[in-house]
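Subject: Structure handover and findings

Hello,

Here is the structure for your files. My notes on it follow below.

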Number of protein chains: 2
Amino acid sequence: MTTPISPTNKGLGHFDRDLPASEIAALRWNLLREDLVLPTAVLYRDKLFNNQQWMRRFTDAYNVRLAPHGKTSMSPRLFQLQLEAGAWGITLATAHQVLAAYQHGIRRVLMANQLVGRPNMAVLSRLLRDPQFEFYCLIDSAAGADHLGSFFSAQNQSLNVLIELGVPNGRAGARTDDQLSDVLTALDRNPTLRLCGVEVYEGVLDNEPAIRQFLKHAVAVTRRLLSENRFAQKPILTGAGSAWFDLVAEEFTAANLADTVEIVLRPGCYLTHDAGSYERAHQRMCQTNPIARTLQPGLQTALHLWAYVQSIPEPTRAIIGLGRRDAAFDSGLPIPALHYRPGSGSTETSPAPAHWEVTKLMDQHAYLTIDPADDLRIGDMLAFDICHPCLTFDKWRTIPILDADYNVIDLAQTFF
Amino acid sequence: MTTPISPTNKGLGHFDRDLPASEIAALRWNLLREDLVLPTAVLYRDKLFNNQQWMRRFTDAYNVRLAPHGKTSMSPRLFQLQLEAGAWGITLATAHQVLAAYQHGIRRVLMANQLVGRPNMAVLSRLLRDPQFEFYCLIDSAAGADHLGSFFSAQNQSLNVLIELGVPNGRAGARTDDQLSDVLTALDRNPTLRLCGVEVYEGVLDNEPAIRQFLKHAVAVTRRLLSENRFAQKPILTGAGSAWFDLVAEEFTAANLADTVEIVLRPGCYLTHDAGSYERAHQRMCQTNPIARTLQPGLQTALHLWAYVQSIPEPTRAIIGLGRRDAAFDSGLPIPALHYRPGSGSTETSPAPAHWEVTKLMDQHAYLTIDPADDLRIGDMLAFDICHPCLTFDKWRTIPILDADYNVIDLAQTFF
């Protein structure tokens, strides 16, 4: 299924009528030639490729599978890149996201979430009529298992489930042995549910010792369920958001379950990376993880927001046409990265001085602190690094993909 | 121009192929009958109507014009409601937003922002070829005026501009008499720019005395420019976000410029209202503004987010399938409003207990604090009030509009 690109979408160049994404490159837009209406979000092909290969080498080294979390981008074009680089499947968070991915060709989905509610189950029931569609979701309670069992047995369909384990004060997931036993008992009375593995999201914890302990617990539970022959197939043991996937790879492979389980990592942000918490996490793992340390260059920020300087009302303040409508702001404000003066004839951008700083983001504006001596003018173009890919992607329906010369060579659509 | 509704959009019921929005009502979805995939955002028709009429009576009482800020919803369906209730035009923030609005029939736009950058000017230049299209944008610097003048004179087009006034440490806008003089001089040398008024955004200030002083300054500048015959037409004097529009109405009408200027207010959030800062602002104005005090009932929250309880892993914690992908979180977290148990056969919802509280919002999940004795179950449906309409609307491409019985009778598309 392809959805034509509407000229109404923001951040694109000029065209008159809906076009397939495949025809956008032929318009030969160039960012520095001012062919795009700003603000815009752009992806850099070469950096996407670097990050994709980095993660392939990382997961290959550990001999684990990759199911990148698709909620980050919700972009089938990027899912395709991830699958081309060997990803085992795509992780998603909601029934809607699974539907959107399926409609764009994704056929193996790990929904790292409970599937709750009749219309949401109905979405999956319809997709599961396709025998090519492989799907897993989570259960963490007897009540949830009974709801699923009742719905899917009425459809004469079986459903693959993973048990989610959780931690006290965390998100979903069975915390205690009693909760786990309740789930197992509910599985016994709902034979339509096929137990296919164990899932954790370690990202609700914030320190390495606690995360390692939680991961060891997941290994122990998996080992126990294996010994009890609880699994309907070679089980999946899965964890890992974008900040701690190195620990998950280390702990899950150190358990020496290799031949009896399929280990699946689910980071989503590595493909674009960022200049905030994920860059800090990356620096940590490049110092401490034996594989990450050897993989150079590391992950690179592959997503920029470009905007115009629209007002310089005070010597130390520039107002930029970029706001909360365009950029994540929950984990750090956008960081000035590049400066370009349109009409200068140059095909090069300059690095933004380190003292330029976004101090406030409103719905449609950013406050940029500058020095009175800086050569910054109204109409100049600035590129910004971002600090949370997920909440940036969902601000954009179409994101141009650029080559190293800032030519638009492709387009990533999103389906939030 | 109509854009068909894709079954890929989130928060809708089941359908197989793209449909015009006008055909959605015929599907006869009902929220309480669980016809919608959750989470979803919904608008309540009766409350939209209440708010629309409230604002009409308010602006009529002051004999001022309304150009609601369309950036809030970016929904042509809602723009249409606003125009039907007598709005003079639609305010917008960016060239992209103006394009999207124009393509959906909007023909009078106040762009409460500088128009900067060649591709952005080109968008407007193309729209201005339509003689039915009336457009105003802001200038606050000589450099900005020169850019606009140079571009539009090369197109043999004139451009309507308002001078934006600003405050120290604020956003854009001329702060000083020198800055204002520079702008006026630039206007003199750019005759293609038609000076049509004066603009302020008082919302960068946070207290009544400072706002009143700023508004008085805008009146004084307008009076001076009137006396100097600076305006190319009966000038527009415009201000007002959603929090302080009562003060703007008071100050601008108190100036007794009535026959010589057109006063235009630009609040955007009144149509859906919220349960956060705008509700607090509304309570203030209902106590202090002589017109607002008489208009009962006041503004009502017309937008809810509905989601399922997906896990209750601890006696005091429920995990809800609603996150930063669905709701604004920059001005307060979503507030539980209604509770409904599917399958109960009831056609009524219950108010959420006051002690239910969202304490954390992740990308796709909310943490809800409950009491162990509460009758809350996995699969229950909850409605949440929101605290910032703008950053909630931009999470949704289609928003069902419901009647009082929770039937989907219409659909608002958004074009962010």
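Where is A:P39 found? A:P39 is in the segment before β1 (40-44) of chain A. Strands here are DSSP runs of E with at least two residues, and helices are runs of H or I with at least four, numbered from the N terminus.

Some ground rules. This is a predicted model, where local features need pLDDT of at least 70, side-chain atom pairs count only at pLDDT 80 or more, and totals for chains, interfaces and linings use all residues. Residues are numbered from 1 along each chain as its sequence is written, chains are lettered from A and ligands numbered from 1 in the order in which they are written, and side-chain values use heavy atoms, with hydrogens and water left out.

Backbone
A cis peptide bond joins A:L38 to A:P39, with omega about 5°. Another cis bond links B:Q296 and B:P297, with omega about -5°. B:P297 sits in the loop between α9 (277-288) and β10 of chain B. A:N256 is not a glycine, yet its phi is positive, near 55°. A:N256 lies in the loop between α8 (245-254) and β9 (262-265) of chain A.

Interface
In chain A, 77 residues are in contact (heavy atoms within 4.5 Å) with 78 residues of chain B. The two chains bury about 6,200 Å² between them, and carbon and sulfur atoms give 50% of that. Buried area is the accessible area (1.4 Å probe) that two parts lose on being put together, summed over both. A:T8, A:R325 and A:R397 supply 12% of the area that chain A buries against chain B, more than any other three residues.

There are 12 salt bridges between chain A and chain B. The term means a side-chain nitrogen of Lys or Arg within 4 Å of a carboxyl oxygen of Asp or Glu. B:R325 and A:D394 form a salt bridge, at 2.9 Å, N to O.

On the side of chain A that touches chain B, β10(A) gives the most, with 6 residues. By class, that side has 30 nonpolar, 28 polar and 19 charged residues. Nonpolar means Ala, Val, Leu, Ile, Met, Phe, Trp, Tyr, Cys and Pro; charged means Asp, Glu, Lys and Arg; the others, Gly among them, are polar.

Salt bridges overall
Over all chains the structure holds 52 salt bridges. A:D130 and A:R107 are one such pair, at 3.4 Å, N to O. This pair links distant parts of the chain, 23 residues apart: A:D130 is in the loop between α4 and β5 (134-139), A:R107 in the loop between α3 and β4, both of chain A.

Cavities
The structure holds 14 cavities of 30 Å³ or more. A cavity is a set of points, on a 1 Å grid over the protein atoms alone, where a 1.4 Å probe fits but cannot get out; lining residues have an atom within 4 Å of a point. Grid points are joined across faces, edges and corners, and volume is the space filled by probe spheres set on them.

The largest cavity has a volume of about 160 Å³. Its lining has 16 residues, with A:L38, A:Q310, A:G321, B:Q114 and B:N120 nearest the centre. β4(B) gives the most to that lining, with 3 residues.

The second largest cavity has a volume of about 140 Å³. Among its 16 lining residues, A:Q114, A:N120, B:L38, B:Q310 and B:G321 are closest to the centre. Its lining has 9 nonpolar, 7 polar and no charged residues.

Best wishes

Key
1 Å grid on protein atoms, 1.4 Å probe; cavity = no way out; pocket = protein on both sides within 12 Å on 5 of 7 lines; lining within 4 Å.
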